[in-house]
Amino acid sequence: VSDHADDEARFAEEARDQERRELWLLARQFLIVVAVVGLLLLRAALV
Amino acid sequence: VEVLNWFLAALVFAGALPPATGCYQFVLAGLHRFRRGRRTIAPLHPKVAVVIPAWNEVAVLGRTLDHLLALEYPEDRLRVYVVDDASDDGTPELVRERAAQDSRVVHLRRENGGEGKAHTINHGLRQLYEEGWFEAVLIIDADVLLTPSALRLMTRHLADPEVGAVTAYIKEGSNPGNTVTRFVAFEYITAQAAARRAQNVLGVQACLAGGSQLIRRAALDDVGGEIDTSTLAEDTVTTFKVQLAGHRVVFEPFAIVWAEEPGTIDGLWKQRLRWGRGNVQVTRRFRKVWFRRWRGGRLGGVSFGLIWFSVTLMPVFMVLSSVGLITLLFIDRDFSVETFQTFWAVNLGTYLFITLSSFSIDPRAARRSLLQGLAFPGLVSLLVIAYATYPPLLDGLNIEEDSTVWWITILAVYSWLSASMLAAEVVHRLSRNPRLWWLTSPLLYLVGFGPLLCAITAAAYGKELRGAEMRWDKTEKTGKVEELV
């Protein structure tokens, strides 16, 4: 596959933005896990 | 008796395996960031030949070509080959007109068509090999709209010599949509944005989305230079063969491709029946790969096997679960109540986790299909969850234990996982009735989209067991797809 010149700065910024979005996704997933597990524990305590 | 009880409880919890595997995928999807960091991606613009199989696509093809020709990609490195499968609706005239306006568009014509999509693609691939120009091939459907950055985001993965193919994130873009298309829009968040991220983390992909798959020439060479024509799942077979040949297949979540999915239950049934039968065929064809890491590489991994079979065997798990619960009811009523409540508590957890995570992964698509996301398992299932979580809910009905009404209610609730598939089949039949079709949308919310997909998978088993003829039922497209931003 042949290589080709590209706008390196734009590529780097785009890649950084995507990394940030993936990191936020991980943070939200963590919060959701905590919330759901907490809810199930609460249910178990109440029933 | 105790051993029997626990065996039956295990059967019941088999029904929780598919949603639990779904949760596992969402956990892996959250870790996608770390996987990305370890792989090579760099700006790269190989010579890409786009192959579009087209049979009577005049309603949609023009816009597809407009989007392709407007891609952020060097003009001298892109060619578009429309393989016209003996169309008679104006498609050839449309393509010839575009070819006259832009030299990157090439019209290929099959005079004797009707053999199906894979044969049409292969006609195009033979032409590509004759010309010898291409370094990668992008196979897309005639109705999809690529966002401007989609192709360059995909080709950057080819900077990693291990990567043989890349698939994009297909999103449902019917505008205006309806109940069915919005259910599909939500389903695609879980089946694509989440599941394929998870598969990236595992280092293996189940399927290059048929609507948009980029294959490196070397990888295509290694699978014989053509697409499989012996199954109804040519895209999945290509994906497996490319990986078994030693290449990696990756999903690019930021390469967005909009597609129009069926807007009727009957249309969806036909499309998914084809996919379901294709999956059964793939399962059989690659039977020596499953759970055999030494032979199948990552395809033979335990995680991937679990993910694959939790989808393809979902109807079996549902039936086993209902059978286990009802048998327990007759053997040990108290234990059955405990098992029922624990099972549905697990389902409550998986429902909340999968639904909230889907909203988190693609908030825009989720906003558009919020109701459908919440009602995905069906309102009846949500009521069962509510009852199992808080049994006093039914106290107000004053149903006397062991009365006929009590038995009917308890059997209906205990068997709902299986009965929901039959209910979905009834909804499908109603949707074909010209006088009762209006009932289908409210009934779909009640029964749920998940059970509908499960019912289609069960129907696919039936067709495969009977050895029914393999027909390529074309999904009708109207050209109502938009970039929904």
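**Salt bridges, fold and interface**

Modeller: B:Arg110 has a relative accessibility of 9% and counts as buried (buried is under 20% relative accessible area, exposed over 50% and partly exposed in between, with a 1.4 Å probe and protein chains only). This is a predicted model, in which local features need pLDDT of at least 70 and side-chain atom pairs count only at pLDDT 80 or more, while totals for chains, interfaces and linings use all residues. Residues are numbered from 1 along each chain as its sequence is written, chains are lettered from A and ligands numbered from 1 in the order in which they are written, and side-chain values use heavy atoms, with hydrogens and water left out.

Biologist: With which residue does B:Arg110 form a salt bridge?

Modeller: The partner is B:Glu115, and the closest N and O atoms are 2.5 Å apart. A salt bridge here is a side-chain nitrogen of Lys or Arg within 4 Å of a carboxyl oxygen of Asp or Glu. B:Glu115 is partly exposed, at 47% relative accessibility.

Biologist: And B:Glu111, which residue does that one pair with?

Modeller: B:Glu111 bridges to B:Arg109, with 3.4 Å between the closest N and O atoms. B:Glu111 is exposed, at 57% relative accessible area, and B:Arg109 is partly exposed, at 29%.

Biologist: What about B:Lys117: buried or exposed?

Modeller: B:Lys117 is buried, with a relative accessible area of 14%. Its side chain meets that of B:Glu234 in a salt bridge, at 3.9 Å from N to O. B:Lys117 lies in helix 6 (residues 117-131) and B:Glu234 in helix 10 (residues 234-244) of chain B, so the pair ties together parts that are 117 residues apart in sequence. Helices (H or I, at least four residues) and strands (E, at least two) are DSSP runs, numbered from the N terminus. B:Glu234 also counts as buried, at 3% relative accessibility.

Biologist: How many salt bridges does the structure hold over all chains?

Modeller: There are 32. In chain A, a network of salt bridges links A:Glu13, A:Arg16, A:Asp17, A:Arg20 and A:Arg21.

Biologist: Let us turn to the fold. How many helices and strands has chain B?

Modeller: Chain B has 22 helices and eight strands. Its radius of gyration, taken over C-alpha atoms, is 24 Å, close to the 23 Å that the globule rule gives for 485 residues, so chain B is as compact as a globular protein of that length. The globule rule is 2.2 Å times the number of residues to the power 0.38. The C-alpha trace spans about 80 × 55 × 40 Å along its principal axes, and 59% of the 485 residues count as buried.

Biologist: What share of the contacts comes from residues 24 or more positions apart?

Modeller: Such pairs account for 83% of the contacts in chain B with a separation of 6 or more, where contact means heavy atoms within 4.5 Å. B:Ser212, in strand 7 (residues 212-216), is buried at 0% relative accessibility. Beyond its neighbours within four places in sequence, B:Ser212 contacts residues including B:Leu138, B:Met154, B:Val166 and B:Val257.

Biologist: Where is B:Thr190 found?

Modeller: B:Thr190 is in helix 8 (residues 179-202) of chain B. Not counting residues up to four places away in sequence, B:Thr190 touches B:Phe26, B:Ala195, B:Ile354 and B:Ser358. B:Phe359 is 169 residues from B:Thr190 in sequence, yet their C-alpha atoms are 9.6 Å apart.

Biologist: On to the interface. How many residues of chain B are in contact with chain A?

Modeller: 38 residues of chain B are in contact with 26 residues of chain A. The area buried between the two chains is about 3000 Å², 60% of it from carbon and sulfur atoms; buried area is the accessible area (1.4 Å probe) that two parts lose on being put together, summed over both. B:Arg33, B:Pro43 and B:Phe254 supply 21% of the area that chain B buries against chain A, more than any other three residues.

Biologist: How many salt bridges cross that interface?

Modeller: The rule finds four between chain B and chain A. One of them joins B:Glu72 to A:Arg10, with the closest N and O atoms 3.2 Å apart.
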